[in-house]
Each structure stands twice: as structure tokens, then as C-alpha cells.
Amino acid sequence: MVKRIYINYRLISVRAPNMNQATGNQTELLIRKDFSSYLELYEEHNENLLIYAFLVLRDETRAKIAVRTAFVKLWQQPDRFLQDRTAYSVLFSEVKVMTYLLKSTES
């Protein structure tokens, strides 16, 4: 499914994440800190997470901070975050937390 939205007057196409992939194998690779698997995850989900964060925060810089923080947390402690969860659900949860924290610090 592809959804089209406008951000800063630019048309962005957002596709729903493919949850039917072999997530078990990807989880094992992420826990072993396989960088190519991590990069694949980043390329697959970065744009959707960034759009979500931007829609909440209405600030591109802070949206990038929220998404990057989620990816860094996943990279630093994958075994802590990936217990019985998919990588996308972990990332989305972390982005939601970061957007809440960043939004609560707005002046």
C-alpha cells in the first residue's frame, strides 16, 4: 500500500512496511551486529519513521534526531530491544517515545 502526503510542499510516497519478511533471521543478524543487515533495515524504514516523526513534531531537524536516536539505540543494544519484537516495532516505539520527549521540551 502506498500513501502520498505532502511535507513542505513536496509530495512524498510512503509505503507500508513489509512485515512478512523473514524477521527471525534479521533479528539474529542485528543481535550479532551485522552492519549490512542494519543498513538494510535503515534503508527500508528510515523514510516512514522520519515522516511519522515530522508529522508529530512539525520540525524536520527534530524529526531526524528522533529517528536517528531510535536507530542508534537499536544498534547499541539489539539484544535488549529485540526480545519477541520485530525491528520495525522497536524502532517505531522508540521514535514515538522520542517525539513525545522532544515535543514536551518545545518552548
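**View 1. Lys33 and the ring of Trp75.** In this predicted model, in which local features need pLDDT of at least 70, side-chain atom pairs count only at pLDDT 80 or more, and totals for chains, interfaces and linings use all residues, the charged end of Lys33 sits over the ring of Trp75, 5.2 Å from its centre. A charge sits over a ring if NZ of Lys or CZ of Arg is within 6 Å of the ring centre and within 35 degrees of the ring normal. Trp75 itself is partly exposed, with a relative accessible area of 27% (buried means under 20%, exposed over 50%, partly exposed in between, with a 1.4 Å probe and protein chains only). Residues are numbered from 1 along each chain as its sequence is written, and side-chain values use heavy atoms, with hydrogens and water left out.

View 2. The whole structure holds seven aromatic pairs, where rings of Phe, Tyr and Trp (its six-membered ring) pair if their centres lie within 6.5 Å, and planes under 30 degrees apart count as stacked, over 60 as edge-to-face and the rest as tilted. The rings of Phe35 and Trp75 are 6.0 Å apart at their centres with planes at 90 degrees, so this pair is edge-to-face. Because Phe35 belongs to helix 2 (residues 35-57) and Trp75 to helix 3 (residues 60-76), the pair ties together parts that are 40 residues apart in sequence; helices (H or I, at least four residues) are DSSP runs, numbered from the N terminus. Tyr38 and Phe71 also form an edge-to-face pair, with 6.1 Å centre to centre and 90 degrees between the planes, and this pair links Tyr38 in helix 2 with Phe71 in helix 3, 33 residues apart. Both Tyr38 and Phe71 are buried. Phe35, Tyr38, Tyr42, Phe71 and Trp75 form one aromatic cluster.

View 3. Buried residues in helix 5 are Ala87, Tyr88, Val90, Leu91, Glu94, Val95, Met98, Thr99 and Leu102. Seen down the axis of helix 5, these buried residues fall within an arc of 165 degrees, so they line one face of the helix; the arc is that of the directions from the helix axis to the C-beta atoms. The face turned away from the buried side carries the exposed residues Tyr100 and Ser104.

**View 4. Thr105 after helix 5.** Thr105 has its place in the segment after helix 5 and is exposed, with a relative accessible area of 56%. The side chain of Thr105 reaches the backbone oxygen of Leu102 at 2.9 Å.

Key
Helix = DSSP H or I, 4+ residues; strand = E, 2+ residues; numbered from the N terminus. Polar contact = N/O pair within 3.5 Å; in protein donor to acceptor, adjacent residues only side chain to side chain.
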